[in-house]
Amino acid sequence: MKTKAFSREIDAFPLTGGSRRDRLAPFRTLSELFGQRWMEGAVPLGLAVLLSVLVTATTPVGPGDAPLILDEATEKGLLAIGLTVVLVGGGIDLSIGSIVGLASLGAMVASRAWNWPMALVVPAAILAGSALGAVNGFLIARVNMRPFITTLVTLVAFGGAAAALQSAYSFQLGVPEQDIVWDFLGAGAVAGVPTGWVVFAVVLIVVHVGLTRSRWGWWIAAVGSDRRSARRNGIPVARVVFCTYVLSGALAGTAGLLTAARLGRTDPDVGQGWELVALTAVVLGGVSLKGGRGSVLRATVGIVVVQVIQQGTIATGAEGSSYTVILAAALLLFAVLDLKWGKYRQRTAEKLRIDPGRITLGPLVDVTEPGTVWTVNDRLTDASPIGLGKIEGAEDCAVDREGNMYCGDRRGWVWRFAGPDDTEGEIFARTGGLPLGHAWDHERRLLVAVGGMGVYRIHADGEPELVADKVRRSPFSLHDDSGLRAVDDLDVTPDGAIFVSDFSTRTNAAEYMVELVESRPNGRVVRVDPDGSTEVVISHHVFPNGICTAHDGRSILVASTGLCRVDRLWIAGPKQGQLEPVLENLPGHPDNINRSSDGNYWLPFVSMRTPMSDLLTKYPAVRRRMTQEVPLDSWVVPQLNVSCVMKFNDRGEVLGVMWDATLRNHPMVTAVKEHAGHLYLCGVSNNRVGRLRLESDEVGPIDPASVPGTTTAPSLAVVDR
Amino acid sequence: MNRTLAVIREWINPDWARHRTVPPMEAGLRPNRRLDEAHVLLPAEAYTPDDLVLTESGTVMFSSEESIFELRGDEVRVVAALGGKVGVLVPSGSGVVAAVEGVGLVSVGASGETEELCADRAVSSCVTDAARLPDGSLLVTIGSSHESPGGWARALLRGDRSGRIVRVDGPRVRIEAEGLGWPAGIEVASDTDVLVSLSCDHRIERRMTASLGKPSARLAANLPVYPGRIAATDDGWWFVAPYPRNRFTELLLDEPQLASEMMRTIAPEDWFVPRLRCTTPYTDTLQMGQLRVLGVIKPWAPARSYGLAFRLDGSGRVAESLHSRVDGERHGITGVAVRGGRVVVAAQGYRNLLQPQVANEKAVTQ
């Protein structure tokens with residue numbers, strides 16, 4: 001068992017200045033709940049169970065009625081199971097009531113009139129049911145008739161056949177015949193459990209496992225969800241549909257046999273109206289009438305509820321017809337619920353997905369005021385462009401010792417520009433995703449944080465290798481946060497670990513504007529061990545973005561774009577595992593941090609705060625309305641079109657600020673890398689990388705590309721600070 | 001509570017939802033670059049023209065800050081300095097009648113002699129437009145009884161409805177209509193009626209001269225802009241639109257608490273309302289669509305300032321329009337003058353006079 005490098009993850013939520021209540025995002029929780037697949041059946045099912053509780057509470061129905069209810073439930077439950085399978089396959093089977101009647105009558109006739117041995121009657125009844133189901137299946141799957149009209153017709157036809165059979169053999173049927181098998185089926189028990197219940201339980205388990213765990217079951221669900229897609233994926237649609245009706249018929253035949261055995265007599269009324277009971281039960285159980293979704297377990301709960309209602313009407317002494325009325329009303333209500341709930345569940349989940357939170361920022365520095373360290377200037381304007389018009393959105397870059405520049409591209413590429421004068425460049429690697437932060441590891445291999453995919457190492461031949469793309473899912477979370485989807489910046493520490501920021505567990509890397517508007521602590525910082533294992537070291541951080549190992553290698557700096565601050569996470573020494581502030585209340589939203597050659601740090605701002613954007617952080621409800629009612633293009637965000645790069649030191653002092661006052665060449669600088677007296681300016685939505693010559697007094701002896709604490713980097717003592 | 005109810009209603013049936021919307025610029029308002037391609041008549045950034053008139057001799061008289069200037073050929077000369085911000089100009093013989101903030105209506109001759117026409121309190125502040133009726137009297141629109149002409153944004157945010165139409169006949173003044181949402185333009189449509197553009201209602205109305213208190217017909221409603229001054233031409237009327245409507249501003253107007261805190265705590269130039277020009281990006285917030293992507297700001301991004309003048313024909317249909325979009329800078333058109341097929345607009349935001357090519361000026365030679 002490996003010990004974790006950090007005893008516990010740091011919860012960065014207090015940095016937002018919010019109260020405990022601000023931790024909760026009720027709308028989003030609702031959205032996540034609605035987004036769960038199991039919610040589809042859970043709501044109708046919950047209501048159905050509530051209904052049965054209501055019935056037991058208001059009528060004399062009690063635990064004493066349980067055997068009776070279960071007896072009825074097993075026979076009709078078999079029908080419900082068959083009907084569920086048909087519904088999941090996208091069809092409907094109304095003829096099951098008649099099949100029950102015909103099978104039960106047929107079994108009686110075979111046994112009493114034709115004197116067949118029971119060993120033959122039992123399988124014959126089931127086979128007869130299957131054969132009747134096969135008639136449905138043939139008409140629907142082969143002749144392509146509509147399931148509804150087909151099974152309606154066969155309902156009448158099979159019912160007529162049963163009546164004919166009854167009148168032909170009515171005399172012989174009246175003679176009771178003793179047989180051990182009949183008794184066993186009707187009144188026997190297996191280990192104290194009535195036979196019918198056992199049969200039902202076995203069928204239930206088999207069908208449930210088949211439907212949820214077998215290829216056959218998945219095929220049925222696939223056909224029910226979308227026939228055309230199923231066919232195009234090579235599923236034999238006709239055969240699957242045919243099978244569902246055969247199964248439904250076989251189960252109806254079994255139900256008929258059990259009914260005949262239990263009652264010991266039969267008449268043409270047996271099975272009449274059972275299709276309605278079964279249909280009500282499955283709809284109550286949350287099986288979708290549109291096909292593709294449903295479970296036999298839920299249908300079973302549905303049939304029990306229906307039987308409780310029936311028992312309730314009997315117990316209160318109401319007329320038999322009122323039961324039908326209640327049943328029909330319940331069916332109607334739940335069919336409407338199925339339609340509306342199915343329709344609105346996803347829509348509601350989608351609408352509530354973005355749930356903006358409140359954060360508190362300090363007073364805003366006025367950068368337009370002349371004479372301050374922040375005052376707007378033109379230092380960045382004349383940076384010479386690299387790859388102008390070729391690069392699309394290089395969020396970060398890395399420069400090797402030979403001066404080759406590697407940068408990302410929003411099309412999922414990593415470019416290489418050989419030396420400073422190469423304007424053509426070549427595609428060095430194809431990572432896919434959205435390549436964002438770049439860094440060098442100990443062996444001078446390129447590490448890239450690929451948004452949407454994870455952390456990749458790129459070998460000298462341009463072959464990308466996955467380093468890490470997941471962490472342990474946090475417990476008790478409805479939302480699956482195990483994937484590293486929005487990895488943004490990364491850096492390597494002296495012990496070879498990679499620290500990477502994952503700015504959101506919810507939104508994709510390309511949707512960073514959602515994070516800017518939502519302002520919730522959705523992000524985290526993850527440590528990737530040299531052995532490839534991952535752990536979250538800072539959780540609940542608002543848009544953690546820039547990651548940079550400090551010059552002494554004992555801490556890493558973490559920039560929070562959402563909170564306009566930079567914090568230091570100690571990874572060695574007495575304060576290991578502690579987070580302490582370095583810069584607070586910055587006038588902009590900081591992005592990637594990188595070391596400078598003179599022992600300080602470069603920090604660009606992805607956007608600058610404005611009075612209006614600051615005001616909006618106090619109004620989460622307005623931002624929610626904005627995300628719902630106003631198109632993305634009209635969302636109000638901080639000023640992203642200005643570029644500002646700042647240099648600061650370990651003590652958190654702002655040493656200098658550079659701007660591009662024209663706003664044309666380098667709007668929105670997201671990363672700066674220093675190499676050989678030049679500064680490389682990257683922008684995630686720009687079509688170039690800028691190369692700016694630094695003044696000689698701004699350049700020091702440190703190689704910012706080396707991992708601090710490794711032999712290639714001169715120690716800090718050499719640098720005169 | 002009402003909002004919660006509205007949300008529930010919308011959840012039940014999306015058709016029941018009612019939101020303030022901004023219609024797209026389509027049909028006659030389909031964007032073009034005709035203002036960006038127009039002739040520039042003044043030296044750059046030298047004046048802030050608010051309104052203008054074209055005289056018979058072809059000279060342009062325009063108001064800028066506290067003076068009236070005359071443009072003859074390429075030469076600009078001061079006609080008169082009037083000691084208050086000069087707004088609307090109405091032709092009067094060879095000279096003009098000017099509305100001077102804090103003073104009233106002043107008659108200015110072609111050679112610069114001034115004469116005070118009316119200094120009544122009713123017309124001394126926030127005069128937005130004026131039109132001369134056939135009987136010689138002036139109809140004057142007052143944007144708001146509480147604000148100065150620069151207070152348009154505050155009036156919009158406060159839902160100010162204290163705009164008026166005032167009839168000025170020599171020294172006599174009569175308030176003809178009250179309770180209007182910033183009437184920003186008025187022009188004679190026929191012997192018996194006038195057109196009024198109501199800025200805050202995004203609407204253009206026809207009103208009878210005899211009963212100005214109520215509209216007789218609606219010429220255009222729910223415009224995607226806040227309409228302004230009007231100039232009559234042979235085949236309809238030219239309108240200017242100083243401000244475009246913005247979908248977030250519409251949302252802001254529906255969130256009174258945020259709007260009032262914004263007015264209380266933020267400098268007016270940083271309010272999220274439409275304006276004549278966007279000057280300081282460093283304090284200006286951005287809308288996502290205005291992001292510069294791969295070096296380009298898309299012209300169809302949501303606009304905070306916009307350049308637009310359009311001509312309505314007699315039936316209220318937009319016959320043609322002149323645009324300067326988000327990627328342009330010839331924004332904030334506040335005045336328009338037409339004579340003999342020549343159209344000149346005053347771009348207060350761009351701080352210049354523009355003479356675009358228009359459909360009905362082909363016969364005119366420079």
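Modeller: The radius of gyration is taken over C-alpha atoms, and the globule rule is 2.2 Å times the number of residues to the power 0.38. For the 366 residues of chain B, a compact globule would have a value near 21 Å, and chain B agrees because its own value is 20 Å. The model is predicted, so local features need pLDDT of at least 70 and side-chain atom pairs count only at pLDDT 80 or more, while totals for chains, interfaces and linings use all residues. Residues are numbered from 1 along each chain as its sequence is written, and chains are lettered from A and ligands numbered from 1 in the order in which they are written.

Along its principal axes, the C-alpha trace of chain B spans about 65 × 50 × 40 Å. Chain B holds 4 helices and 27 strands, helices (H or I, at least four residues) and strands (E, at least two) being DSSP runs numbered from the N terminus. Of its 366 residues, 47% are buried; a residue is buried if 20 or more other C-beta atoms, placed from the backbone, lie within 10 Å of its own, exposed if 12 or fewer, and partly exposed in between. Among contacts in chain B with a separation of 6 or more, 50% join residues 24 or more positions apart (a contact means C-beta atoms, placed from the backbone, within 7 Å).

Two sheets of chain B can be taken in turn. In one, 4 strands form an open antiparallel sheet in the order β6-β7-β8-β9 (strands pair if DSSP finds at least two bridges between them). At its edges stand β6 (86–92) and β9 (114–118) of chain B, each with a single partner strand, so one side of each has no neighbour in the sheet. On average, neighbouring strands here are turned by 30° against each other, direction ignored; axes are lines fitted to C-alpha atoms, for helices over the stretch in contact, and angles run from 0 to 180 degrees between N-to-C directions. Within this sheet, strand β8 (residues 104–108) of chain B pairs with β9(B) in the antiparallel sense over 4 bridges, and S107(B) has E115(B) in β9(B) as its bridge partner.

The other sheet is also open and antiparallel, with 4 strands of chain B in the order β10-β11-β12-β13. Its edge strands are β10 (127–132) and β13 (172–180) of chain B; each has a single partner strand, so one side of each is left without a neighbour in the sheet. Strand β12 (residues 163–169) of chain B runs antiparallel to β13(B) and is joined to it by 6 bridges, with V166(B) opposite I175(B) in β13(B).

Next comes the contact with the other chain. Here 34 residues of chain A are in contact with 31 residues of chain B. On the side of chain A that touches chain B, α17 (611–617), α18 (620–629) and β24 (636–637) of chain A each supply at least two residues. By class, this side has 20 nonpolar, 10 polar and 4 charged residues; Ala, Val, Leu, Ile, Met, Phe, Trp, Tyr, Cys and Pro count as nonpolar, Asp, Glu, Lys and Arg as charged, and the others, Gly among them, as polar. Pairing also crosses between the chains: β24(A) and strand β22 (residues 286–287) of chain B are antiparallel over 2 bridges. V637(A) has L286(B) in β22(B) as its bridge partner.

Most residues other than glycine have a negative phi. S519(A) has a positive phi near 50° and is not a glycine; it lies in the loop between α16 (512–518) and β15 (523–528) of chain A. S519(A) counts as buried because it has 21 C-beta neighbours inside 10 Å. F476(A), also not a glycine, has a positive phi of about 60° and is found in the loop between β12 and β13 (487–492) of chain A. F476(A) counts as exposed, with 4 C-beta neighbours inside 10 Å.

Terms used
Two residues are in contact if their C-beta atoms, placed from the backbone, lie within 7 Å.
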